[in-house]
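Here are some notes to read alongside the structure. Take them one at a time, and look for each residue as you go.

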Amino acid sequence: MSAHAPTMTIRHSPHFDARPEGESISLLVIHNISLPAGHFTLQPEQSYVDALFMGTLDCNADPSFNDLRGMRVSAHCVIWRDGRIFNYVPFDKRAWHAGKSDFNGRERCNDFAIGIELEGTDNLLYTEQQYLSLIQLTDFLLQQHPAITSERIVGHCDIAPGRKTDPGIAFDWKRYQRAIKEFSV
């Protein structure tokens, strides 16, 4: 694998801020998202997920969006079903993806984590293109942020147990971890 950044479409989410002074990036969190749940898009720039991260979601567009009213959330990247990567928050900034969270006794994971969303649900298989893009993006991030080790790549479910379940049972952790080991040797 190469240390080159994968091709990404840059979107400028307003939902981020500075990391705490002197904070290093040492955690990668894998999420999933679809809006409405289980609905996927062919036009990410016009999707409800994009609107959520850009702060423009019309919460009246679907009854399931009522809980999102007033929410200000983001992730560093979304990997769409076709493998395209949208970068919403610069990696050196704090995206608002983890919420109330804890990793190895340390709270506020957003302070030291990068959040990657996969367009999907807990129970539907992710696409080949998504895995290829996620592996390429992970390779790049590991080379840029050596404090992120394979032991410090987790699901949202791992840092917010009981509250979150993503990326879910459909995510092939073995495949992903095998690929990480291949380029970290």
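1. Is Arg 108 buried or exposed? Arg 108 counts as exposed, because its relative accessibility is 52% and the cut-off for exposed is over 50%. You will find Arg 108 in the loop between E8 and E9. Please keep in mind throughout that this is a predicted model.

2. Stay with Arg 108 for a moment and look at its backbone. Its phi is near 60°, a positive value in a residue that is not glycine. Asn 104 is a further case: its phi is positive too, at about 50°, and it is not a glycine either. Both are worth a look, because most residues other than glycine have a negative phi.

3. Where does Asn 104 sit? It lies in the loop between strand E7 (102-103) and strand E8 (106-107). Asn 104 is exposed, because its relative accessible area is 68% and exposed means over 50%.

4. Next, two peptide bonds to check. The bond joining Leu 35 and Pro 36 is cis, with omega about -15°, and Pro 36 belongs to the loop between E3 and H1. The bond from Asp 166 to Pro 167 is also cis, with omega near 15°. Pro 167 is placed in the loop between helix H3 (156-159) and H4. As a reminder, most peptide bonds are trans.

5. Now turn to strand E9, which is mostly covered: seven of its seven residues are buried. On one side are Ala 113, Gly 115, Glu 117 and Glu 119, and on the other are Ile 114, Ile 116 and Leu 118. Both faces are covered.

6. What are the partners of E9? E3 pairs with E9 in the parallel sense over seven bridges, and Leu 27 stands opposite Ala 113 of E9. E4 also runs parallel to E9, joined to it by three bridges. In E9, Leu 118 has Ile 79 opposite it.

7. How many residues are in the largest nonpolar core? There are 26, and those with the most contacts inside it are Leu 28, Ile 30, Ile 116, Leu 137 and Tyr 176. Two or more residues each come from strand E3 (27-33), strand E4 (77-79), strand E9 (113-119), helix H2 (128-144) and helix H4 (173-184). H2 gives the largest share, seven residues. Another core, of 18 residues, lies apart from this one and includes Ala 51, Cys 59, Ala 75 and Val 78. In soluble globular proteins, nonpolar side chains tend to be buried together.

8. Setting aside neighbours within four places in sequence, Tyr 176 is in contact with Leu 28, Ile 30, Leu 134, Ile 135, Thr 138, Ile 153 and Phe 171.

9. Compare this with Leu 132, found in helix H2. Leu 132 is partly exposed, because its relative accessible area is 49% and the cut-off for exposed is over 50%.

10. Finally, find the largest pocket, which holds about 710 Å³ of space. It is lined by 29 residues, and Asn 32, Ile 33, Leu 52, Leu 68 and Lys 164 are the closest to its centre. E3 and helix H1 (48-54) each give two or more residues to the lining, with the largest share, three residues, coming from E3. By type, the lining has eleven nonpolar, twelve polar and six charged residues.

Terms used
Residues are numbered from 1 along each chain as its sequence is written. This is a predicted model: local features need pLDDT of at least 70, side-chain atom pairs count only at pLDDT 80 or more; totals for chains, interfaces and linings use all residues. Side-chain values use heavy atoms; hydrogens and water are left out. A nonpolar core is a set of buried Ala, Val, Leu, Ile, Met, Phe, Trp, Tyr and Cys residues joined through side-chain atoms within 4.5 Å. Buried means under 20% relative accessible area, exposed over 50%, partly exposed in between (1.4 Å probe, protein chains only). Helices (H or I, at least four residues) and strands (E, at least two) are DSSP runs, numbered from the N terminus. Contact means heavy atoms within 4.5 Å. On a 1 Å grid over the protein atoms alone, a cavity is a set of points where a 1.4 Å probe fits but cannot get out, and a pocket is an open set with protein on both sides within 12 Å along at least five of seven lines; lining residues have an atom within 4 Å of a point. Grid points are joined across faces, edges and corners, and a volume is the space filled by probe spheres set on the points. Ala, Val, Leu, Ile, Met, Phe, Trp, Tyr, Cys and Pro count as nonpolar, Asp, Glu, Lys and Arg as charged, and the others, Gly among them, as polar. Two strands pair if DSSP finds at least two bridges between them.
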